[in-house]
Amino acid sequence: MHARNEPRLVLLCALPASGKTTLARRPAAEIPAVPLCSDDWLADLGIDPFDRGARDRLEQRLRAHAQDLLRLGQTVVLEFGFLGRPERDAKRSAAHSLGVPVELHRLKAPVDESCRRPEARERAGAPGAVPAGRRQLEEYARFFQAPDAAGPRLFDPPPPERRG
């Protein structure tokens, strides 16, 4: 049986503008958990979200921070997208080496919806909208390695109180 204070790692796997931040806030509030979103950090630091070097350095630091939090018994939600299977496998292995269960949540949104969401957030003045154009989103979609049929079996199910 899942103890409410048992640390977990929750990975959100999706293309940009698919609703990861919205989804991350739900388990973060319910569990409770620490959500880590590189887009939010980059925006708060005034760094271009498409600065690949800065993003890579920040995400490396946030991954290390997530491992520290897990070691301390805190649940963490990472919303980096995890577009490639090797990246998902590495996070799962690192957390499992600490004895921490890892959930994988896949979000699916058509490219049209992923284009519309940031535009709507920007028009509304909502924070966190990363301006990705259709061409960028289509390129991300081309190299996205969606979890295959075996993917869900490699990860741990959510605890019973969060299954739905």
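The chain of the predicted model comprises seven helices and four strands. In sequence order, these elements follow the pattern β-α-β-α-α-β-α-β-α-α-α. The chain has 164 residues, of which 41% count as buried. Contacts were also examined by separation in sequence. Among contacts between residues at least 6 apart, 79% join residues at least 24 apart.

Helix H4 spans residues 85-97 and contains 13 residues. From its first C-alpha to its last, H4 reaches 18 Å, close to the 18 Å expected at 1.5 Å a residue. Four residues of this helix, Arg88, Lys91, Arg92 and Ala95, are the buried ones. Viewed down the axis of H4, the buried residues fall within an arc of 100 degrees, so they line one face of the helix. Pro86 and Ser97, on the other side of H4, are exposed. Just after the helix, Gly99 adopts a positive phi of about 80 degrees.

Arg88, which is found in helix H4, is buried but has no salt bridge. For this residue, the nearest side chain of opposite charge is that of Asp89, at a distance of 6.0 Å. This separation exceeds the salt-bridge cut-off, which requires a side-chain nitrogen of Lys or Arg to lie within 4 Å of a carboxyl oxygen of Asp or Glu. When residues up to four places away in sequence are not counted, Arg88 touches Leu11, Cys13, Phe82, Leu83, Leu104, Phe144, Gln145, Ala146, Pro147 and Phe155. One of the residues touched by Arg88, Phe82, also takes part in an aromatic pair.

The structure holds one aromatic pair. The pair is formed by Phe80 and Phe82, whose rings are stacked, with 5.8 Å centre to centre and 15 degrees between the planes. The arrangement counts as stacked because planes under 30 degrees apart meet that description. Phe80 has a relative accessible area of 12% and is therefore buried, and Phe82, with a relative accessible area of 0%, is buried as well. The cut-off for a buried residue is a relative accessible area under 20%.

Definitions and conventions: Residues numbered from 1 in each chain as written. Predicted model: local features only at pLDDT ≥ 70, side-chain atom pairs only at ≥ 80, totals over all residues. Heavy atoms only, no water. Helix = DSSP H or I, 4+ residues; strand = E, 2+ residues; numbered from the N terminus. Expected span 1.5 Å × (residues − 1). Buried < 20%, exposed > 50% of the residue type's maximum accessible area, 1.4 Å probe, protein only. Arc of directions from axis to C-beta. Lys, Arg positive; Asp, Glu negative; His and termini not counted. Contact = heavy atoms within 4.5 Å. Phe/Tyr/Trp six-rings, centres within 6.5 Å; stacked < 30°, edge-to-face > 60°.
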